[in-house]
Amino acid sequence: MGRGGGRRRDRLRWSTLYTFSCFRPHGADDAAGPSATGVGGPGFARVVHCNNPALHRRKPLKYVLNHISTTKYNVLTFFPKAIFEQFRRVANLYFLLTAVLSLTPVCPFSPVSMIAPLAFVVGLSMIKEGVEDWRRFIQDMKVNNRKVSVHRGDGQFEYRHWQDLCVGDVVKVEKDQFFPADLLLLSSSYEDGICYVETMNLDGETNLKVKRSLEVTLPLEDDESFKDFRGVIRCEDPNPSLYTFVGNFEYERQVYAVDPFQILLRDSKLRNTAFIYGVVIFTGHDSKVMQNSTESPSKRSRIERKMDLIIYILFTVLVLISVISSIGFAVRIKLDLPHWWYLQPQNSNKLDDPRRPALSGIFHLITALILYGYLIPISLYVSIELVKVLQAHFINQDIHMFDEETGNTAQARTSNLNEELGQVHTILSDKTGTLTCNQMDFLKCSIAGVSYGVGSSEVELAAAKQMASGADDHDIPLQDVWEENNDDEIQMVEGVNFSVGNNRKASIKGFSFEDDRLMQGNWTKEPNSSTILMFFRILALCHTAIPEINEETGAITYEAESPDEGAFLVAAREFGFEFFKRTQSSVFVRESHTSSTGITEREFKILNLLEFNSKRKRMTVILKDEDGQILLFCKGADSIIFERLAKNGRMYEADTNRQLNEYGEAGLRTLALSYRVLDEAEYSSWNAEFLKAKTAIGPDRELQLERVSELIERELILVGATAVEDKLQNGVPQCIDRLAQAGLKIWVLTGDKMETAINIGYACSLLRQGMKQICLSIPTGDQVAHDAKKALLSSLTTEQAAKESLMLQIANGSQMVKLEKDPDAAFALVIDGKALAFVLEDDMKHMFLNLAIECASVICCRVSPKQKALVTRLVKEGIGQTTLAIGDGANDVGMIQEADIGVGISGVEGMQAILYLVINNSSFIASQICYFFYKNIAFGLTIFYFEAFAGFSGQSVYDDWFMLLFNVVLTSLPVISLGVFEQDVSSEICLQFPALYQQGPKNLFFDWYRILGWMGNGLYSSLAIFFLNLLIFYDQAIRAGGQTADMAAVGTTMFTCIIWAVNMQIALTMSHFTWIQHLFVWGSITTWYLFILAYGMTLNSRDNYKILLEVLGPAPVYWAATLLVTAACNIPYLIHISYQRSCNPLDHHVIQEIKYLKKDVEDQTMWKRERSKARQKTKIGFTARVDAKIKQIRGKLHKKGPALTIHTVS
């Protein structure tokens, strides 16, 4: 049948095969009116006029357009919101007040000197915010400007931008395109309206979902058929539920019920289907995926919030000394000013009127608040912003976070939260694309009780290398084992060899199997060749995949519902059983080595297909071969298959079960394969029952189908089992192991089924053998009614029972954890999305969180994007520690935004990149902040001391230019280099000593002890600088003519001492020096001398004219005072750090000393012992899995069995 655009309608009616997930019977209930589904009531008031979008652009409907925006700002809100963001910072608010007061006569400085720095600081930060939000805007525009084919009228379609779509538009989406909005599926390229949809962006799953249109819209099969198409959809209002939909479709005077199987959600992708037609129901922010998104939050780091508390303290000190100054000024005005005749007190204004000393004191309070403002560093925020931007640049350029395959580098979309990377407590990670590569590799199999496949999983290989190295338990770190044993073959003990070479041939994607006994037709020589033949045929025939032939190369690829199916088909092809064609009623396989004629093409007629779901845990296909024999092929979980075996079908059960356990211990995913031969009479009788159940109408249809399926899926004969390796992102198990040793908690939030998520948990070592699992789920005894009204009533009656059941499960789990006496016992918590919807409610969420905290790992399955965000919020607020969320799709945006730190993954490096990102970013910004407060206290308090010494006159001892340049030029670059380039130890050492990371979450760098210590250091330095200089210069002649020092000479000398003291202090603080640090530290001191030299040559310098050349430079006391005061300021800190390193060293101090003395090279035993001490003992991770495997291998060795050989897969 013809199609618009010259396409041919695919003649495949999948509804004859599918039974559970996509086929919905069509009958009387479909004509139920609105009252049956609740449509038209509260929450169900949306009306969509199909093919008439103009009605939805005006009132009373006036639905939103399809334009989306994820930015924080727009043209109108940028200035007010950005200003609000800046003045949430306490210091900025203070400097805004001082800038306003600078316009009054009470200010001791010019208004420009107060307003310009504030404008610079706030403006720079606003520009940074604007640039980062502009990038979000560009990303939104790329999405909004995608194009889709839209019906414009008269049966003609044209391409429009996504943002121009309206509710009611009829669109045509082609293969591999994303759906631009939430659509009602009308028809597809398949005759019965089936289409395949990939929902990875919504729920993280890579397996394809099957959708099917209503039968009444199947005739809408080409562009012309939409010329006169009209219909009305009455449905639920916009909501975030991805898995539900309630509505009716009114068409040709009939009403048809619509359910989720007819709904195509925005951001999912059309796969395996040439095209579909659909009508737009929800657009833009009304679509379900956007309903699951959250507004871009304004995040502030914990360090920044704590910095506000410090500024409050400094502001309190500022007010205190200002009050002291104002009281002193008022007292002097009242008592002494009348006697100072030379000041002409009779002409005094209100600022210094001896008749009103209280009022003069109040005015002087304002002057003092401005004068002592250097206690609060305005340049602190600018310096931190600059440090963060430079850190973000280095993150972007980090070679460890570069994906060679795609050429992508890391991109720090915002730099506001860099310091939080060093303080992460809990990581919440998506699974698909973050932990896994979405790729399965066929690695081993068991056929007729014989294990085939000599390749090794990552767990087996690590165990082999660690044993070969002689490592016992944790004496030698696992990393050394990987690095030191790279020989092609390792002989551990006599008769036991481990082949770990890298000279193997390149593996085929999805197929890493190595065993000559089955390859190249050698399986025909095996004793059980007939069973092996059946095994290969099950692999090639028991599936729902579609083959796609590359017209240029002739190569066949498979579009499968799950990665497992794809791996099985690739394996079957490599074994000589190539599935190459599917028709409506048959599948075709090219078989090699089954006949003397070479390659034989065989046709198998499909009679029935009972697909896999999470409840059945198995899949069955019934076929008729070319000889007329009816075969039933069944694959599924071993526990499900074994209980359905016939008495004569258990011949290989014991051996297969043992091998399945071995595969599981090696971290592999397993399925059991079985078959039975059906006679014609039995099949005919069963098929009649099956067709009756398939076409049944009512809420018990699923139960009838399950009952009938059970009748045929019995008396099976076991053939064998498969073992596939879920290909994880590069280094994920080792990465998780190190993160666990660093003390980080890891939660996995995925949209996958519970079984899939648990398998991934085993593969990446979040779960392991022997770990006790606590599974929280809602009992599935009650079936959901198809009738929406009954479903609503049912939910009302069962909701309380479900909550009570979950509360009981949580209580039992908590009791189990409390009563566990084994200190090495580990618990894992697994919960699905339906249960999560209840436990996230206020009355249960804290019980759930308390149980989760007690468990070693937590896995949340079938989680919607909204639930991911809610779980993240619960963890963040409930634990009160820094959270980091990792995801790779649109379904993870809410979680990423809700967490303290959000990381989006792109490429195949995955979670390994997070290791470098987290471990490599300790909180050096904390040291920078502490140093900033130190230097400003040391500088600011000297102004207060001099003002008190000068009778609280409001006179500054320093020139205005000195004060302006102190924070901006003379001390800014060294502190910036501290935040950007400082390393206590190298990144490589951090990876070898993961426990070092705990210095961040334990807040060792920014606790109140350290903060107050730095403040005390600043107080001491200010006292030393002021009083030593005052003592030296009070009545000392400094010039050849006998002149003593004036205020300018004393002020310049004090300022010189400050520049030397604070720059020497930062030099003592730094652990890692490069030429840049040397340039900035010593260059800042040099810049001061060059400035005072140049400034003294200008007439504007007033009292400082040629002060260095003629006054201070020739005076030895100036240089002696600088040396003495600098030493006095820094010797106490030098004594402190010397004592700490000698008597109470931190972990990184010990490692620094070892590296400095080169003990890591000269004494390897000591180095490895220290590394072993630095690993926290964990209950999850790769090391725990390897230890279990080692025990298993040693058990085999004690039995003195045949040689044990383990190979790697390159």
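Author: Buried means under 20% relative accessible area, exposed over 50%, partly exposed in between (1.4 Å probe, protein chains only). Strands (E, at least two residues) and helices (H or I, at least four) are DSSP runs, numbered from the N terminus.

Reader: Before more, what are we looking at?

Author: This is a predicted model: local features need pLDDT of at least 70, side-chain atom pairs count only at pLDDT 80 or more, and totals for chains, interfaces and linings use all residues. Residues are numbered from 1 along each chain as its sequence is written, and side-chain values use heavy atoms, without hydrogens and water.

Reader: OK. In what sense do E28 and E31 pair?

Author: Parallel, over three bridges; E28 spans residues 745–749. Pairing takes at least two DSSP bridges. Val748 stands opposite Ile859.

Reader: And how many bridges join E30 to E31?

Author: Four, and these strands also run parallel. E30 covers residues 827–831. Leu829 stands opposite Val858.

Reader: Switching topic. Which residues make the nonpolar surface patch?

Author: Leu309, Tyr312, Ile313, Val317, Trp1008 and Leu1012, about 520 Å². Patch residues have over 30% relative accessible area and no salt bridge, with nonpolar side chains joined within 5 Å. A salt bridge is a Lys or Arg side-chain nitrogen within 4 Å of an Asp or Glu carboxyl oxygen.

Reader: Which helix gives the largest share?

Author: H7, with four residues. H7 (302–335) and H30 (1008–1033) each supply at least two.

Reader: Why does Ile313 count as partly exposed?

Author: Because its relative accessibility is 32%. Ile313 sits in H7.

Methods: Patches are made of residues with over 30% relative accessible area and no salt bridge: like charges are joined within 9 Å, nonpolar side chains (Val, Leu, Ile, Met, Phe, Trp, Tyr) within 5 Å. Accessible areas come from the Shrake-Rupley method with a 1.4 Å probe; for residues, only the protein chains shown count as cover.
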